[in-house]
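Take a walk through this model, one local feature at a time.

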Amino acid sequence: MKIKISDIFRHLLLAFLAIVWLIPIVWLVVTSFSKYTGMNTSTFFPKEWGIVNYKNLLFSADSVAQFPNWFQNTFLIACATCVISTIFVLMVAYATSCMRFKMRKTLMNVAVILNLFPGVLSMIAVYFILKSFNLTNSHIGLILIYSASSGLGYLIAKGFLDTVPVSLREAAYLDGASEARVFFRVVMPMSKPIIVYTVISSFLVPWMDFVFAKMILNSGVSSQWTVAIGLYNMLEKSLINTYFTQFCAGGVIVSIPISVLFIIMQKFYVEGVTGGAVKG
């Protein structure tokens, strides 16, 4: 079998890009095990190794580093957002895929167009709306921001639900099943891949967000912060020489739940994406 020069070049290019992509991640991990507290750019690997950064971060909280509180806040916000957003997305996807009503296509097109605009464009208006309801500096306000417009991201879920055989729903209707019963007993059991995809996507939004979290939780009470705000605070000029390696350790810890979740659900995640690529 002849090996084409183009194939060799392609694989070399991919290997180079993979190395470039992995270098910052490897550096973050090895730096988190350094005994030196500040940023060390003289050597790639630390001269002295230890787990003191993880110990301090998890068990020796101070006025600056309150990682257990941040992690708990972020986890609760992410879980609440995940449940609400998943319900919204699946309900909108079911309505647009399996039901027929006036202005259906118009509403679908409007939702897609609105979804093209970055969410940060609305953050000033959103902030003053939440402020008028006294929901700033609260986790409830943050959950509302993440989940309120989640239904606009229905398109992939709709594409997957379009693949569910219509005959199954029609048989359920003939047996006297209501629309809600068809949704929960017929369509949802056949939609595990897209449910997993929606759950993971909804969980990642608050887990990784910084902009909206910083805007809403702006009171300066560090115990109420999310992980993103808390870790960013460690990079302030007056703190970076003391907390940089703890920042690296925090970055590693934050990535673990996402990585484990994705590895466990990878099969369903891929099926949800590929199934949702079918548009109806």
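Asn 134 lies in the loop between α5 (123–132) and α6 (139–148). Helices here are DSSP runs of H or I with at least four residues, strands are E runs of at least two, and both are numbered from the N terminus. Asn 134 is not a glycine, yet its phi is positive, about 60 degrees. Most residues other than glycine have a negative phi. Asn 134 also counts as exposed, at 65% relative accessibility. Exposed means over 50% relative accessible area, buried under 20%, and partly exposed in between, with a 1.4 Å probe and protein chains only.

The model is predicted: local features need pLDDT of at least 70, side-chain atom pairs count only at pLDDT 80 or more, and totals for chains, interfaces and linings use all residues. Residues are numbered from 1 along each chain as its sequence is written, and side-chain values use heavy atoms, with hydrogens and water left out.

Met 103 has a positive phi too, about 65 degrees, and is not a glycine. Its place is in the loop between α3 and α4 (104–116). Met 103 is exposed, with a relative accessible area of 55%.

Now turn to helix packing. Two packed helices are described by the angle between their axes and the distance between the axes. Helix α3 (residues 67–98) and helix α9 (residues 179–187) have axes that come within 12 Å and cross at roughly 110 degrees. So α3 is roughly perpendicular to α9. The axes are lines fitted to C-alpha atoms over the stretch in contact, and angles run from 0 to 180 degrees between N-to-C directions. Angles of 65 to 115 degrees count as roughly perpendicular.

Which residues make the contact? From α3 come Leu 90, Met 91 and Tyr 94; from α9 come Glu 179, Val 182, Phe 183 and Val 187. Contact means heavy atoms within 4.5 Å. By class, there are six nonpolar residues, no polar ones and one charged. Nonpolar covers Ala, Val, Leu, Ile, Met, Phe, Trp, Tyr, Cys and Pro; charged covers Asp, Glu, Lys and Arg; the others, Gly among them, are polar.

Leu 90 turns up again beside Thr 198, whose contacts are Thr 86, Val 89 and Leu 90, leaving aside neighbours within four places in sequence. Thr 198 lies in helix α10 (residues 192–208). Is Thr 198 buried or exposed? At 5% relative accessibility, Thr 198 counts as buried.

Conventions:
Parallel < 35°, antiparallel > 145°, perpendicular 65-115°, else oblique.
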